[in-house]
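Subject: Structure handover

Hello,

Here is the structure we talked about. Please open it alongside this message.

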Amino acid sequence: MKIRFPERGRSGRSVVTIKNLEFGYEDELLVNRANLSIERGEKIAIIGPNGCGKSTLLKLIMGLENPSGGEVLLGEHNVLPNYFEQNQAEALDLDKTVLQTVEEVAEDWRIDDIKGLLGRCNFKADMLDRKVSLLSGGEKARLAFCKFMVKPSTLLVLDEPTNHLDIPSKEMLEEAIREYGGAVITVSHDRFFIKQIVNRVVEVKDGHLQDYVGDYNYFLEKNLEAREKELEREAELDEKAPKVKAKSKMSKAEKEAQKKQKRQAFQAAKQKSKGQKNAKRWN
Ligand SMILES: Nc1ncnc2c1ncn2[C@@H]1O[C@H](COP(=O)(O)OP(=O)(O)OP(=O)(O)O)[C@@H](O)[C@H]1O
């Protein structure tokens with residue numbers, strides 16, 4: 001059974017327009033005269049360091065925070081957002097059962113398909129009539145995710161959707177997003193997830209929105225700092241990964257030499273990219 005996000009027709013081409021947007025909590029300016037236009041079919045990752053304002057930007061798009069300057073406009077024709085908040089599970093009605101929770105949002109779903117979706121998310125038949133109040137934290141998170149999956153929309157706004165999901169559910173989400181014809185805006189720390197689904201990356205940096213019209217690899221190609229961090233992350237993961245003796249026949253010296261080679265290759269790429277940048281500057 002293939003799970004798809006139900007689409008309610010097609011939105012117009014223009015989905016979200018952000019114009020000279022300004023917003024901050026207390027003294028801290030999180031968004032500083034930011035501009036961005038999002039069109040139907042675009043799948044965008046919003047990335048940036050912790051606390052830079054990614055979730056806040058989603059709230060501004062959803063009209064849950066009011067800008068102190070500028071504006072966020074949803075397109076005029078048939079833009080129907082479906083928003084997955086980080087604390088979605090906390091908003092579930094504790095008195096409903098598992099099945100009722102999903103059923104009440106799913107407009108065009110047959111009951112067997114709803115049960116199929118719940119089954120894919122690990123809710124066995126004997127859990128369908130269980131009250132939400134009796135579910136564990138993880139179960140509530142998965143149920144909130146199912147509720148989100150069935151709601152009709154033409155725009156998905158996702159805040160860390162893969163948190164608490166197991167691998168099969170993540171794969172189901174990735175596939176459903178790939179098949180979705182509307183626009184998708186997601187905040188996620190899950191690099192693998194982002195790599196699978198996005199065709200545009202927007203980096204929140206010092207309150208501005210830096211736009212990369214390409215997938216995550218394109219973003220890494222263009223952004224030296226991000227590429228450097230990615231290499232560091234990969235190196236850290238390599239270090240943490242359990243060492244399999246039979247495979248690791250390299251001596252310590254050989255490993256050091258390999259690391260040095262990687263560093264040199266990276267420095268060479270950095271120089272090349274600087275050269276290209278400067279060449280552009282002189283043109
Ligand atoms: N309701 C609020 N009142 C005051 N400050 C807030 C509020 N919500 C968020 N903040 C602060 O605003 C900043 C940006 O928060 P936000 O959640 O948008 O960041 P983020 O980029 O999504 O972070 P993370 O990657 O850690 O989830 C943080 O410093 C946060 O503490």
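This is a predicted model: local features need pLDDT of at least 70, side-chain atom pairs count only at pLDDT 80 or more; totals for chains, interfaces and linings use all residues.

The ligand site

The ligand is surrounded by 13 residues, and the closest are Gly-51, Gly-53, Lys-54, Ser-55 and Thr-56. By class, seven residues of this shell are polar, four are nonpolar and two are charged. Strand S2 (28–39) and helix H1 (54–61) each contribute at least two residues to the shell. H1 gives the largest share, with three residues.

- Asn-50: a side-chain N or O atom is 3.4 Å from an oxygen atom of the ligand.
- Cys-52: a backbone N or O atom is 3.2 Å from a ligand oxygen.
- His-189: an N or O atom of the side chain is 3.4 Å from an oxygen atom of the ligand.

On its own the ligand has 640 Å² of accessible area, of which the protein covers 61%.

Helix H4

H4 runs over residues 137–149, which is 13 residues. From first to last C-alpha the helix reaches 19 Å, close to the 18 Å expected at 1.5 Å a residue. Its buried residues are Glu-139, Ala-141, Arg-142, Leu-143, Ala-144, Phe-145, Cys-146, Phe-148 and Met-149. Glu-139 and Arg-142 are thus listed as buried, and both belong to the charged class.

What lies over these buried residues? The cover includes strands S5 (81–84) and S6 (155–159). Helices H2 (98–103), H3 (111–120) and H5 (167–179) are also among the elements that cover them.

Regards

Technical notes
Residues are numbered from 1 along each chain as its sequence is written. Side-chain values use heavy atoms; hydrogens and water are left out. A residue is near a molecule or strand if one of its heavy atoms lies within 4 Å of it. A polar contact is a pair of N or O atoms within 3.5 Å; within protein, one must be able to donate a hydrogen and the other to accept it, and residues adjacent in sequence count only if both atoms are side-chain atoms. Accessible areas come from the Shrake-Rupley method with a 1.4 Å probe; for residues, only the protein chains shown count as cover. Helices (H or I, at least four residues) and strands (E, at least two) are DSSP runs, numbered from the N terminus. The expected span of a helix is 1.5 Å times one less than its number of residues. Buried means under 20% relative accessible area, exposed over 50%, partly exposed in between (1.4 Å probe, protein chains only). Contact means heavy atoms within 4.5 Å.
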